[in-house]
Amino acid sequence: MSAVVSLRSESTTAEDTLKQKTREAGVVSGGHLVARALKNEGVDTIFTLCGGHIIDIYDGCVDEGIRIIDVRHEQVAAHAADGYARQTGKLGCVVTTAGPGCTNAVTGVATAFRSESPVLHIGGQGALTQHKMGSLQDLPHVDMMAPITKFAASIPSTERVADMISMAARECFNGAPGPAYLEIPRDVLDREVDLSRAVIPTPGRYRASTRSIGDPRDIEKLADILVNAERPAILYGQQVWTARGHEEAIALLRGLDIPGYFNGASRGLLPPGDPHHFDRTRSQAFSNADVLIIVGTPFDFRMGYGKRINKELTLVQIDMDYRTVGKNRDIDLGLVGDPGAILGAVLQAASGRIKNDKRQARKQWMGKLTEAEAVATEKLMPLFKSDNTPIHPYRVAYELNEFLSDDTVYIGDGGDVVTISAQAVRPRRPGQWMDPGALGSLGVGTGFAIAAGLANPGKEILCYYGDGSFGMTAFDMESANRFGVPYLAVIGNNSAMNQIRYGQLAKYGDERGNVGNLLSDVPFSKFAEMLGGYGEEVRDPKDIAAALQRGRESIQRTGKSAVINIWVDPREYAPGTKNQTMYK
């Protein structure tokens, strides 16, 4: 054994010496150029699953100090890159091999596309010398990725590797963020070139400011609108957190006494109980406000394509993407730019100008909404505290909210049970809510959990799954354990794809409505135990709180993920599911 170790040591030393001589000679491979370019872009972590087309990138990342997180499925790698971008505000990066490596990542990239998340997907490809010859895993990756990215290209030469990575990264942050794809042929990646011939942009020297306020005259117009409003309301969407404009967003609500509503990653901008935090009176506000400002979210299906908003009010839309403003619904004023910069400028322009009568009317407006919030909450309390068995999913949502700490990142990955959880779960701080976004992808949770743990070493990570979504990507819980980022997995288990099942039952009846949507009764607690962690089955609502606490304590003690499998009533559905609002 010692002789083998000695031979390996000598071999490693020889390889390191060769590398050192190569670097001293000013020669660098394509894979090492990738790593240098990623480091220039602030990338400190890549998410990947190994493949022969991409291994030189790993070698480069080792030299550049970039962390390599390898998982069991490329979908998880792509979701993790997306989640890392959401949590850090920096460029996320997923690296996949050719063919199935790329296709497995498509859902994760598409999720980032619809969620406006900056992710660079680097993919392998057969050698240029084998072009159109049927090389291993050869597919038209660029053609496939183009519709779900902001930029997609193949790198034609080793000299252009770093330059094109900077080009793709630039596109990721052009206007509203989004993903980009770069394909690198095997011989381009492995080839070594003289450093003097490689185009390597200098860090920090090739970016324009993205903190634009747009037309200053529109800032004044919006300030005038708000100064004269008696019943204003604001909805903050995903972009407010993506652009890290949360401080300005909060300051505007408090400075001008405006009720705030939140969706997507903007949940948690204000803590529960804050006098400017509203969530159960959105319909009332959208119907009775005289001014409504929509910031960083499109008029898509989640907004009823704008049709649920009163046509008589003054409607203002602020977005990072010009194409989104006024899409599906006419508006009175549109501003394109950075949400935080715009909101900060508007507050400055409006401060000290609100007359007493307007301010008094505004306080009465907020008082009415506050009373209506209390009434709406009281109506939900019988569901939140239901002692029914099987367990009512609203009871699970209530218990989860009670369980959250100030430092818990909450991730929702599922259909109906997760939709219901939004009725109760209130993250305590900005950045502590994660959901799939507009694509509605199941399976995001495991990758998001890994990313959130890596980005926030001091925070607790809780992912609430449906049993269907848990089965899609849960094996990468092993990856979370392996990289020291265990998390608490809570499953609302109704043994069905219930969000879809309701519509089928309503349309086709009992005999045909249960086709293609029923799952087996699986004791998922055993899964955590198999991986060395804690698992528990919960069938009585009175046991939920204690089970969650045991899971938390086990993670702290063992460093392994825990699974709390809660059996919920398959006959209960979210209001939106019963009204089929997602299709209207």
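The points below concern a predicted model and take up its sheet, its cores and selected helices and residues.

1. Sheet order. Six strands form an open sheet in the order E15-E14-E16-E17-E19-E18, and the pairing is parallel. The edge positions belong to strand E15 (433-434) and strand E18 (535-538); each has a single partner strand, so one side of each lacks a neighbour in the sheet.

2. Strand pairing. E16 and E17 run parallel and are joined by five bridges; here Leu-462 has Leu-488 of E17 as its bridge partner. Between E17 and E19 there are six bridges, again in the parallel sense, and Val-490 is partnered by Ile-564 in E19. E18 pairs with strand E19 (residues 562-567) over four bridges, also in the parallel sense, with Val-538 opposite Ile-566 of E19.

3. Helices on the sheet. Helix H17 (residues 445-455) lies across strand E14 (408-413), E15 and strand E16 (460-466), and runs at about 175° to E16. Helix H22 (residues 544-558) also packs on the sheet, where it touches E14, E16, strand E17 (488-493), E18 and E19. The direction of H22 makes about 165° with that of E19.

4. Burial of strand E17. Six of the six residues of E17 are buried, and both faces of the strand are covered. One side carries Leu-488, Val-490 and Gly-492, and the other carries Ala-489, Ile-491 and Asn-493.

5. Asn-493. This residue belongs to strand E17. Its relative accessibility is 1%, so Asn-493 counts as buried. Where does the side chain of Asn-493 reach backbone atoms? The side chain of Asn-493 reaches the backbone nitrogen of Ser-495 at 3.0 Å and the backbone oxygen of Val-522 at 3.3 Å. Setting aside residues up to four places away in sequence, Asn-493 touches Asp-467, Val-522, Phe-524, Asn-565, Ile-566, Trp-567 and Val-568.

6. Nonpolar cores. The largest nonpolar core has 39 residues, and the members touching the most other members are Phe-47, Ile-411, Ile-450, Phe-470, Met-477, Tyr-487 and Val-563. Two or more residues of this core come from each of helix H4 (74-88), helix H5 (100-115), E14, H17, E16, helix H19 (477-482), E17 and helix H21 (525-530). A second, separate core comprises 35 residues, among them Leu-91, Val-161, Ala-162 and Ala-198.

7. Ile-411 is located in strand E14 and is buried, with a relative accessible area of 0%. Apart from neighbours within four places in sequence, Ile-411 contacts Met-434, Gly-445, Phe-448, Ala-449, Ile-461, Leu-462, Cys-463 and Tyr-464.

8. Why is helix H2 (residues 30-40) described as largely enclosed by the rest of the structure? Eight of its eleven residues are buried, which means that the rest of the structure largely encloses H2. The buried residues are Gly-30, Gly-31, His-32, Leu-33, Val-34, Ala-35, Ala-37 and Leu-38. After H2 comes Gly-42, which has a positive phi, near 85°.

9. Packing of H2 and H7. The axes of H2 and helix H7 (residues 161-172) come within 8 Å and cross at roughly 35°. This crossing of H2 and H7 is right-handed. H2 contributes Gly-30, Leu-33, Val-34, Ala-37 and Leu-38 to the contact, while H7 contributes Val-161, Ala-162 and Ile-165. Val-161 and Ala-162 are also included in the second core.

10. Val-62. Is Val-62 buried or exposed? Val-62, placed in helix H3 (residues 55-64), has 59% relative accessibility and therefore counts as exposed. Val-62 and Ala-35 are 27 residues apart in sequence, and their C-alpha atoms are 8.6 Å apart in space. Ala-35 itself is one of the buried residues of H2.

Definitions and conventions:
Residues are numbered from 1 along each chain as its sequence is written. This is a predicted model: local features need pLDDT of at least 70, side-chain atom pairs count only at pLDDT 80 or more; totals for chains, interfaces and linings use all residues. Side-chain values use heavy atoms; hydrogens and water are left out. Buried means under 20% relative accessible area, exposed over 50%, partly exposed in between (1.4 Å probe, protein chains only). Two strands pair if DSSP finds at least two bridges between them. Contact means heavy atoms within 4.5 Å. Axes are lines fitted to C-alpha atoms, for helices over the stretch in contact, and angles run from 0 to 180 degrees between N-to-C directions. A nonpolar core is a set of buried Ala, Val, Leu, Ile, Met, Phe, Trp, Tyr and Cys residues joined through side-chain atoms within 4.5 Å. A polar contact is a pair of N or O atoms within 3.5 Å; within protein, one must be able to donate a hydrogen and the other to accept it, and residues adjacent in sequence count only if both atoms are side-chain atoms. A crossing is left-handed if the near helix is turned anticlockwise from the far one by less than a right angle, and right-handed if clockwise.
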